[in-house]
Amino acid sequence: MKIVCVGRNYVAHARELGNEVPTDPVIFIKPETSLLPNGSSFSIPQFSNEIHYECELVLRIAKRAQAIAKKDAASYYDAITAGIDFTARDLQQQLKEKGLPWEKAKAFDGAAVLGVWMSADRFRNKRDIHFCLYKNKAIVQQASTSQMIFDFDMLLSHISQYFTLEPGDLVFTGTPAGVGPVEPGDVLEGFVEDDSAFELSIQ
Ligand code: ZN
């Protein structure tokens, strides 16, 4: 199982980190070991002093997808949730400055958090799904898929030109503006529409 992640898929988020708005999706992969086990709290790793939350919608792949067309993409995922793409921002910045791969900042143990799955059929308009993140009961991220640069179908088509997607693979579809740091004692809660997807405490 693999986790494919999309970077800079919301204009306001690309700008808040001083990045260019991409003309092609920015893609990276996290290994299965980066999944935080269900029900666990997140422990801040020793190697970073600046762990950021990035709340994202996540798709669960339902069938093998290899070089699929945009028009067929909707049939290749069956469930949606919200999750967190934890990022060691200090380490990522150092790696980016040196032009090095940023996996150490993104793919570490526990860096991928998943909420409870919701059937994809439930969402009639995939181009306007609202989601948000609360930190300590205050809203910090809020967006709709209508603000994505590359929508779900474009992403799955693009990703599958390079990597075959298999049942159970996950696609993190990018974070909107409002990313920020976490510290021990914080509680993050993610929602898709009006439903709580996860509640996570930070240690
Ligand atoms: Zn992300």
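Here is a chat about the overall build, the zinc site, the core and the cysteines of a predicted model.

Me: Okay. How does its radius of gyration fit with a compact globule?
Reply: It agrees: a compact globule of 203 residues would come out near 17 Å, and the chain has 16 Å. The C-alpha trace spans about 45 × 40 × 30 Å along its principal axes.

Me: And how much of the chain is buried?
Reply: Buried residues make up 52% of the 203. The accessible surface is about 9500 Å², and carbon and sulfur atoms account for 47% of that.

Me: What share of the contacts comes from residues 24 or more positions apart?
Reply: Among contacts with a separation of 6 or more, 76% join residues 24 or more positions apart.

Me: Switching topic: which residues are the protein donors of the zinc ion?
Reply: Glu 54, Glu 56 and Asp 85 are the protein donors, through OE, OE and OD atoms, and they lie 2.0 to 2.1 Å from the zinc ion. Along the chain, their spacing reads E-x1-E-x28-D.

Me: So why does the pair Glu 54 and Asp 85 tie parts of the chain together?
Reply: Glu 54 sits in the loop between strand 3 (51–53) and strand 4 (55–61), while Asp 85 belongs to strand 5 (residues 77–85), so the pair links parts that are 31 residues apart in sequence.

Me: Are Glu 54 and Asp 85 buried or exposed?
Reply: Both Glu 54 and Asp 85 are buried.

Me: Next up, the core. How many residues are in the largest nonpolar one?
Reply: It has 59 residues, and those with the most contacts inside it include Ile 80, Ile 84, Phe 86 and Leu 156. Strand 4 gives the most to this core, with five residues.

Me: What does Leu 156 touch?
Reply: Leaving out residues up to four places away in sequence, Leu 156 touches Leu 59, Ile 61, Ile 68, Ala 73, Tyr 77, Leu 165 and Val 171. Leu 156 is also one of the buried residues of helix 4.

Me: Is helix 4 mostly covered or mostly open?
Reply: Mostly covered: in helix 4 (residues 152–162), eight of the eleven residues are buried. Those buried residues pack against strand 1 (3–7), strand 2 (26–30), strand 4, strand 5 and strand 11 (170–172).

Me: What about Ile 51, where is that found?
Reply: Ile 51 is in strand 3. Its relative accessible area is 2%, so Ile 51 counts as buried. Not counting residues up to four places away in sequence, the residues touched by Ile 51 include Phe 42, Phe 86, Phe 108 and Val 182.

Me: How far is Ile 51 from Lys 106?
Reply: Their C-alpha atoms are separated by 9.9 Å, with Ile 51 and Lys 106 being 55 residues apart along the chain.

Me: Last one: how many disulfides are there?
Reply: The count is zero.

Notes
Residues are numbered from 1 along each chain as its sequence is written. This is a predicted model: local features need pLDDT of at least 70, side-chain atom pairs count only at pLDDT 80 or more; totals for chains, interfaces and linings use all residues. Side-chain values use heavy atoms; hydrogens and water are left out. Donors are N, O and S atoms within 2.8 Å of the metal (3.2 Å for Na, K and Ca); water is not among the atoms, so sites may look incomplete. Helices (H or I, at least four residues) and strands (E, at least two) are DSSP runs, numbered from the N terminus. Buried means under 20% relative accessible area, exposed over 50%, partly exposed in between (1.4 Å probe, protein chains only). A nonpolar core is a set of buried Ala, Val, Leu, Ile, Met, Phe, Trp, Tyr and Cys residues joined through side-chain atoms within 4.5 Å. Contact means heavy atoms within 4.5 Å. The radius of gyration is taken over C-alpha atoms; the globule rule is 2.2 Å times the number of residues to the power 0.38. Accessible areas come from the Shrake-Rupley method with a 1.4 Å probe; for residues, only the protein chains shown count as cover. A disulfide is a pair of cysteine sulfur atoms within 2.5 Å.
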